[in-house]
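Please find below a note on the structure, prepared for a colleague who has the sequence and the coordinates at hand. The points may be read in any order.

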Amino acid sequence: MKSWKKFGALVVPMALSMTFPALAGQWEKADVTWKYQQDDGSYAADTWQWIDSNGDGLAECYHFNENGFLDLDTVVDNWVVNSKGEWTWGGNPQQLDLKATADEIGTIYRAASQKADSLDDFDADVDAVMTMTIDGESLKMLMDMDMQMKGAKSGNMIFLCDMAVAAEGESVTMTMFYKDGYMYMAMDDLKMAMPMDMDEMIEETMSLTSKLQVASDEMYGMTNLKMYHNGDAKTVTYDMDAAELNKAVNEVMALMGNDYSGLGYEYQVNRASGTIHINKNGYVDEESVSMDMSMDVMGIPINMTVDMDIVFNNPGQPVYITLPSTEGYRNVADLFV
C-alpha cells in the first residue's frame, strides 16, 4: 500500500528540474570524484542538478555535496545514486528528455490516459491530504482508500472500497461495496443499503466525458510538460493553466445542469499540477495530483489544498473481488421511518 511514498520521493528531484535546468557546463576531476563548473563560473554545491553530459538530449540527475563534490554510489535524501553519480530508481538511471516537444509528450500522456480509461477492472490505493483554511484556521484531513472494481465497461459491475479518514486526532473507517443494484455502506455499527444503478451512472459519466473530450484541448491547457525515462518506463509531469482549467470546471457544471452561483457559492482552481508514471506496457501505474482551490460560501472565504497519490496495482490484469456479506444491512429508506 505504501509504495506511493516511493512515487512521492520520485517527484521531488523531478520538480527540481524547474529550478536547476540541464545547463551546459564543464566536469572537473577531483581526486576520486568530480566537480561541475557552471556557465557562470560557479560550482554546483549542495544541490541536485540535471546534466546532459554527452549531448544526447537525455540529462541525468546528480547530487553535489556542500563542498561541491559529486556523490557516488551512496544514498542521498533517501534516493540512490550509482557509481557514476546518477540518481536511480528501480536500478535504472532517471533521464530528463530534453529533446521531446510538448506535443510529443502530450500525445504519450493522452495515449496512456485512454488506455487507463479503457480498463474493465482496476485495483487502486489512494492516499490524499486535504487542508482547509477558514478565517486563518486550518483543518488537515488524511484519507486512505483501497478500491477495487470489476466490470466497469462490460456491465454487471461490482465495487469494493475500504476507507480510513483522520482529522483533529479523530479517525473513522468505512467499507463500501456495490452489488446487484445496491450500494452498501458500513461505518461503526451502522450498516445501510442504498438502491443505485451504478451501470447507468457510469454510462452517463462516459457520455459527459465524450462531450468534454471534443473541446478539451481548448478548455484547459497543460503547460511545463516534461518527460523522464526509467528503462522502458516513462514519467510525465505537467502544470495546468488555471484559467483554462476553470473554464473546464464551469463547462462540466453546465453540462451537469449545476449552477451554484445563485446559491451564494463560488469556486475557483488557483493551481493544479500532476505526475503520471507509465509502465513498459503503456499503462499508468502511479499518479500524483496537487491542487489549490478557493471557495466563497455565502460570503465566507475558504481555501483548500489537495495532494493525492494513486497506485494502480497490476493495471491491465483481471481483478478478483471478494465482497463482504450483505447480512445485517438495512435499506436506507427504512432507517428514517
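The numbered points below concern a predicted model.

1. Helix H2. This helix covers residues 102–117, 16 residues in total. From its first C-alpha to its last it reaches 22 Å, which is close to the 22 Å expected at 1.5 Å a residue.

2. Which residues of H2 are buried? They are Ile105, Gly106, Tyr109 and Ala112. Seen down the axis of H2, the buried residues fall within an arc of 130°, so they line one face of the helix. An α-helix has 3.6 residues a turn, so residues three or four places apart point the same way. The face of H2 turned away from the buried side carries Asp103 and Gln114, both of them exposed.

3. The cavity. How many cavities of 30 Å³ or more does a search of the whole structure find? The search finds one. The volume of the largest cavity is about 40 Å³. Its lining includes Leu119, Asp121, Phe122 and Asp123, and also Phe312, Asn313, Asn314, Pro315, Gly316, Gln317 and Val319. Strand E10 (residues 121–134) gives the most to this lining, with three residues.

4. Val319 at the cavity. Val319, one of the residues lining the largest cavity, is found in the loop between strand E20 (300–312) and E21. Its relative accessible area is 7%, so Val319 is buried, the cut-off being under 20%. Val319 and Asp121 are 198 residues apart in sequence, yet their C-alpha atoms are 5.8 Å apart in space. Asp121 is likewise among the residues that line the largest cavity.

5. Salt bridge of Asp121. A search of the whole structure finds two salt bridges. One of them pairs Asp121 with Lys150, the closest N and O atoms being 2.7 Å apart. The pair links distant parts of the chain: Asp121 is in strand E10 and Lys150 in strand E11 (residues 137–150), 29 residues apart.

6. Salt bridge of Lys99. Lys99 forms a salt bridge with Asp97, and the closest N and O atoms of this pair are 3.6 Å apart. Lys99 has a relative accessibility of 51% and therefore counts as exposed, the cut-off being over 50%. Asp97, at 10% relative accessibility, counts as buried.

7. Positive phi angles. Most residues other than glycine have a negative phi, and most peptide bonds are trans. Asp77 has a positive phi of about 55° although it is not a glycine. Asp77 is found in the loop between strand E5 (74–76) and strand E6 (79–81), and it is partly exposed, with a relative accessible area of 48%. Asn224 also is not a glycine and has a positive phi, of about 50°. The place of Asn224 is in strand E16 (residues 222–230), and at 41% relative accessibility Asn224 counts as partly exposed.

8. Where does Val332 lie? Val332 lies in the segment after strand E21 (330–331). With a relative accessible area of 19%, Val332 is buried, because the cut-off is under 20%. Val332 and Tyr184 are 148 residues apart in sequence, while their C-alpha atoms are 9.5 Å apart in space.

9. Ser53 and Trp27. Ser53 is found in the loop between strand E3 (47–51) and strand E4 (58–64). At 43% relative accessibility, Ser53 counts as partly exposed. Ser53 and Trp27 are 26 residues apart in sequence and 8.4 Å apart in space, C-alpha to C-alpha.

10. Points that meet at Asp121. Asp121 lines the largest cavity, forms a salt bridge with Lys150, and has its C-alpha 5.8 Å from that of Val319.

Technical notes: Residues numbered from 1 in each chain as written. Predicted model: local features only at pLDDT ≥ 70, side-chain atom pairs only at ≥ 80, totals over all residues. Heavy atoms only, no water. Helix = DSSP H or I, 4+ residues; strand = E, 2+ residues; numbered from the N terminus. Expected span 1.5 Å × (residues − 1). Buried < 20%, exposed > 50% of the residue type's maximum accessible area, 1.4 Å probe, protein only. Arc of directions from axis to C-beta. 1 Å grid on protein atoms, 1.4 Å probe; cavity = no way out; pocket = protein on both sides within 12 Å on 5 of 7 lines; lining within 4 Å. Points joined across faces, edges and corners; volume = space filled by probe spheres on them. Salt bridge = Lys/Arg side-chain N within 4 Å of Asp/Glu carboxyl O.
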